[in-house]
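Thank you all for coming.

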Number of protein chains: 2
Amino acid sequence: VQYIFNEDISALKNYVGQHAIFIIDNNVWQHHSLMFNGEKVILFDANEANKKQSTINFLIEQLIALEADRTSFLVGIGGGVCTDMVGYVASIYMRGLKFGFVPTTILAMVDAAIGGKNGIDVGLYKNMVGTINQPQFIFYHYNLLQSLSEVEFINGFAEIIKHAAIKDKELFKLLQQHSIADFRNNTALLHEVVYKNVQIKNQVVTTDELEQHERKLLNFGHTIGHAIENLYQLPHGHAISIGMCMEAHISEEINNFYSEEKLALTQLLQQYGLPTHLTIDKEKVWDILLKDKKRAQENMAMVLLRSIGNATVETIPLVQLKDLFNTLF
Amino acid sequence: VQYIFNEDISALKNYVGQHAIFIIDNNVWQHHSLMFNGEKVILFDANEANKKQSTINFLIEQLIALEADRTSFLVGIGGGVCTDMVGYVASIYMRGLKFGFVPTTILAMVDAAIGGKNGIDVGLYKNMVGTINQPQFIFYHYNLLQSLSEVEFINGFAEIIKHAAIKDKELFKLLQQHSIADFRNNTALLHEVVYKNVQIKNQVVTTDELEQHERKLLNFGHTIGHAIENLYQLPHGHAISIGMCMEAHISEEINNFYSEEKLALTQLLQQYGLPTHLTIDKEKVWDILLKDKKRAQENMAMVLLRSIGNATVETIPLVQLKDLFNTLF
């Protein structure tokens, strides 16, 4: 995977070959359509509610209509839902086309676009169907963030804080010294943090593409986060912010994670405008948890913190997890 | 990929781990259900008309209902449609489970189950969506063929004759000396030919899994064959038998293939009960051809014979191919 920084958007054409098809989120298109004058374009609403098979069917129909063949190169331009879906459709159309991403949200830049995981939801079950398949490139262009809403900007910092919590205490401290406003107003500072996060995630997925060990750590906050995301129609960052708080609580209970550090994590999430608590319907959330990809028969693999910057994967029997669930939340 | 011959069906359990789910064609189930007493089973009608996304949706729902997780091992038991679809669903469910095949038709034994190509049709376009992903094993058990219809038995010999035509003149001669009845009545002879064909296909796909060069040869008869298969609702073997005859005709015209050998190929197909001619609607067939995965912009990659046992991949401009199409057929 080639990570491309600091190039003008016009340089994109140098990376996509002769037969590019740009698959673009409608939100991005509204603000940046002029960039794609004269190109083959497919537009769609890349929101979580559309992250499902019927949208894939639509994209396939559009590709057939455009006579896409194995020489075609697909470029996904949008947030994480867009890159997840374009990566998936590129992996299955004609058994696989080459593809690249232009992430247009913080979340996609530091997380979703990196690592080759793609796919769609099935009902309430997140990313139940998909493949692991790497893009040719990820193209970073911060000007695209100018049209990003405050809510979406905040959303991305949930994954940044997650990376800090599991892997990088220095990054955690740096984040404590800043605010969302600092990053919105200072592209150099934003680049520093985005670049750091790209390095963290890339290092993890390069070491362990198929998620046998190291890559599992990235799931911190995502076991409970995924279970509540679609049920309560939360933005992904909100869901995993709450998920991290709940899993930090479990970490405190059974993994010797200090309550002071749990508090520091909660405070940092609040500092970046992220929610840290949700009243949940335990029965419903539990039923979704049981379908999580990290379940293996009667156990759940869950990422717990030992300290800030240091996480472990624990195998928790479902009976114990249910018990924790009932007493802690 | 492990090829398993000469073991009793009861040995299957040694290859599938603790959490097997058997996905079985209803036709097979009717005759062999006793084999699967007490196992987790998903049944479906694995026919060409069902080789589409809605059936994949059904299989995914069933897997969720059975609480399939990443420790689950899927076993596809049926003909080529079954192995294509089980391979596909295993490749995308939770981003990939391990899987194996028990092919129950000649066609699946010598061709479809081998090589890792899987997928589904989209409307009239064959195998438009899928992945390339290898099974853990292919389990051969000739007793399963006892319930195979004559039509299906004949169907499989189209791919056997194809292998002979592109790769193995000795096999071609051996086939000339026998008939379908010989193979139905003589398991040792059948095994000799099945085993030979497994070797041919396995050698090709091992050398060139991603179909960059050698593997393309396996598409002999399949460019035109696939274009007519769904349009005229032909059994796969019938479609590619007709496709081979038409592509042999093109080979004679532009690839110096002798007309005597073209005749020998046609006669061998007839000897095995396969059709060698079809009156086609050229416009409709041409429109489907244009969507073939072997098309690259204004050219079509087509496999042509030079002599029996010796095939080449030729890049034919669409304008020339259309011209041949109009004059020869």
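Predicted model: local features only at pLDDT ≥ 70, side-chain atom pairs only at ≥ 80, totals over all residues.

Val319(A) is exposed, with 70% relative accessibility, where exposed means over 50% relative accessible area, buried means under 20%, and partly exposed is in between, all with a 1.4 Å probe and protein chains only. Val319(A) belongs to helix 13 of chain A, residues 318-328, and by helices I mean DSSP runs of H or I with at least four residues, while strands are runs of E with at least two, numbered from the N terminus. Between Val319(A) and Glu298(A) there are 21 residues in sequence, and 8.2 Å in space from C-alpha to C-alpha.

Residues are numbered from 1 along each chain as its sequence is written, chains are lettered from A and ligands numbered from 1 in the order in which they are written, and side-chain values use heavy atoms, with hydrogens and water left out.

Let us turn to where the chains meet. Contact here means heavy atoms within 4.5 Å, and 32 residues of chain A are in contact with 32 residues of chain B. Together the two chains bury about 3100 Å², 57% of it on carbon and sulfur atoms; this buried area is the accessible area, with a 1.4 Å probe, that two parts lose on being put together, summed over both. Arg95(A), Lys293(A) and Gln297(A) supply 24% of the area that chain A buries against chain B, more than any other three residues.

How many salt bridges does the rule find across the interface of chain A and chain B? It finds 2, a salt bridge being a side-chain nitrogen of Lys or Arg within 4 Å of a carboxyl oxygen of Asp or Glu. Arg295(A) forms a salt bridge with Glu67(B), and their closest N and O atoms are 3.2 Å apart. On the side of chain A that touches chain B, helix 2 (53-65), helix 3 (80-92), strand 7 (125-129) and strand 9 (295-296) each supply at least two residues.

Two residues in the loop between helix 3 and strand 5 of chain A deserve a careful look, namely Met94(A) and Arg95(A). Most residues other than glycine have a negative phi, yet Met94(A) has a positive phi of about 50°, and Arg95(A) has one of about 60°. Are they buried or exposed? Met94(A) counts as buried because its relative accessibility is 1%, and Arg95(A) is buried too, with a relative accessible area of 12%.

Now to chain B, where Lys201(B) sits in helix 8, residues 187-207. Lys201(B) counts as buried because its relative accessibility is 7%. Its side chain makes a polar contact with the side chain of Asp111(B) at 2.6 Å; a polar contact is a pair of N or O atoms within 3.5 Å, where, within protein, one must be able to donate a hydrogen and the other to accept it, and residues adjacent in sequence count only if both atoms are side-chain atoms.

Finally, helix 9 of chain B, residues 222-229, is mostly covered, with 8 of its 8 residues buried. Those buried residues pack against several elements of chain B, among them helix 5 (150-167), helix 10 (236-254) and strand 10 (299-307).
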